[in-house]
Amino acid sequence: MCGRFTLQIPPEMLAEIFGLLEIPVYPARYNIAPTQQIPVIRQNGQYHLEFLRWGLVPSWAKDPSIGNKMINARSETVHEKPAFRNAIKYKRCLIPSSGFYEWVQDGDAKRPLYIHLKDEPLMVFAGIWDKWISPEGGIIESCSILTTHSNKLIETIHDRQPVILQPEEFNLWLDRDIVNPEVLPHLFHPYPADRMEMYPVSTQVNSTRNEGPDLIKLTP
């Protein structure tokens, strides 16, 4: 799964990678948590960046708090689940990150590990989104990160990992003409383990109140 991630890539670089018409404004983040607003890339003729709440609230939900449990969607069953089956057809997005955290049991405590790509500053998750409108007319746009089974690196600590897309897969994932989810599963393969790195970091990341670059420093 993915329950916490980072985004340190400069906005100027992100704009260049995705061909955004405007340079987005966001701070470097080292401890992004569920229910927070996160940058996502969507396509409407061209790529554009918007901020959505992490934790998908289906359009039919009675209470937006359901999104607190919808931060991830299993790629194997996303087309079957009522909360996700419409989004996987019509509302796909890219979720940029620099890396994510996972926890491993260490005695009586859990120790955080930071996972990122060895040679690339950007890690892009496959995402889905939806729009919820309250009875009063308030709008919440929210998203989930798709997950798949773990590669050889991550399976040593967890059986799930985010679906990480290659650059050449971005257009296919965002193609609004593709509404048949059966043509997408080949994108859900685990990212190659030899292109990723994992190392222990400070337990300060356990609290969502903590932020800053010290959170991703190697901790012996």
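Trainee: What makes Thr35 count as partly exposed?

Mentor: In this predicted model, Thr35 has a relative accessibility of 40%. Buried requires under 20% and exposed requires over 50%, so Thr35, at 40%, is classed as partly exposed. Thr35 is placed in the loop between β2 (29-32) and β3 (37-43). Its phi is near 80 degrees, a positive value in a residue other than glycine.

Trainee: Why is Thr6 called buried?

Mentor: The relative accessible area of Thr6 is 0%. Thr6 belongs to strand β1 (residues 5-7). Beyond four places in sequence, the residues that Thr6 touches include Arg29, Tyr30, Ile32, Tyr101 and Ile216.

Trainee: Which side chain is joined to that of Thr6 by a polar contact of 2.8 Å?

Mentor: The side chain of Tyr114 is the partner in that contact. A polar contact needs N or O atoms within 3.5 Å, and the value here is 2.8 Å. The side chain of Gln8 also makes a polar contact with the side chain of Thr6, at 2.6 Å.

Trainee: How do you know whether Gln8 is buried or partly exposed?

Mentor: Gln8 has a relative accessible area of 22%. Buried means under 20%, so Gln8 is partly exposed. Gln8 is found in the loop between β1 and α1 (11-18). With neighbours within four places left aside, Gln8 is in contact with residues including Ala28, Arg29 and Tyr114. The C-alpha atoms of Gln8 and Pro27 are 7.9 Å apart, although 19 residues separate the two along the chain.

Trainee: What makes the pair of Tyr101 and Trp103 tilted?

Mentor: Their ring centres are 6.3 Å apart and their planes stand at 45 degrees. Pairing requires centres within 6.5 Å, while stacked needs under 30 degrees and edge-to-face over 60. The pair is therefore tilted. Both Tyr101 and Trp103 are buried. The count of aromatic pairs in the model comes to nine, and Phe5, Trp54, Phe100 and Phe125 form one aromatic cluster.

Trainee: What sits over the ring of Trp129?

Mentor: The charged end of Arg42 sits over that ring, 4.2 Å from its centre. The charged end of Lys91 sits over the ring of Trp129 as well, 5.4 Å from its centre.

Trainee: Which residues have the most contacts inside the largest nonpolar core?

Mentor: They are Phe5, Phe18, Phe100, Ile128 and Trp173, in a core of 57 residues. Strand β9 (residues 123-133) supplies the largest share of this core, six residues. Another core, of nine residues, lies apart from it, and among its members are Tyr101, Trp103, Tyr114 and Ile216. In soluble globular proteins, nonpolar side chains tend to be buried together.

Conventions
Residues numbered from 1 in each chain as written. Predicted model: local features only at pLDDT ≥ 70, side-chain atom pairs only at ≥ 80, totals over all residues. Heavy atoms only, no water. Core = buried A, V, L, I, M, F, W, Y, C linked by side-chain atoms within 4.5 Å. Buried < 20%, exposed > 50% of the residue type's maximum accessible area, 1.4 Å probe, protein only. Helix = DSSP H or I, 4+ residues; strand = E, 2+ residues; numbered from the N terminus. Phe/Tyr/Trp six-rings, centres within 6.5 Å; stacked < 30°, edge-to-face > 60°. Lys NZ or Arg CZ within 6 Å of the ring centre and 35° of its normal. Polar contact = N/O pair within 3.5 Å; in protein donor to acceptor, adjacent residues only side chain to side chain. Contact = heavy atoms within 4.5 Å.
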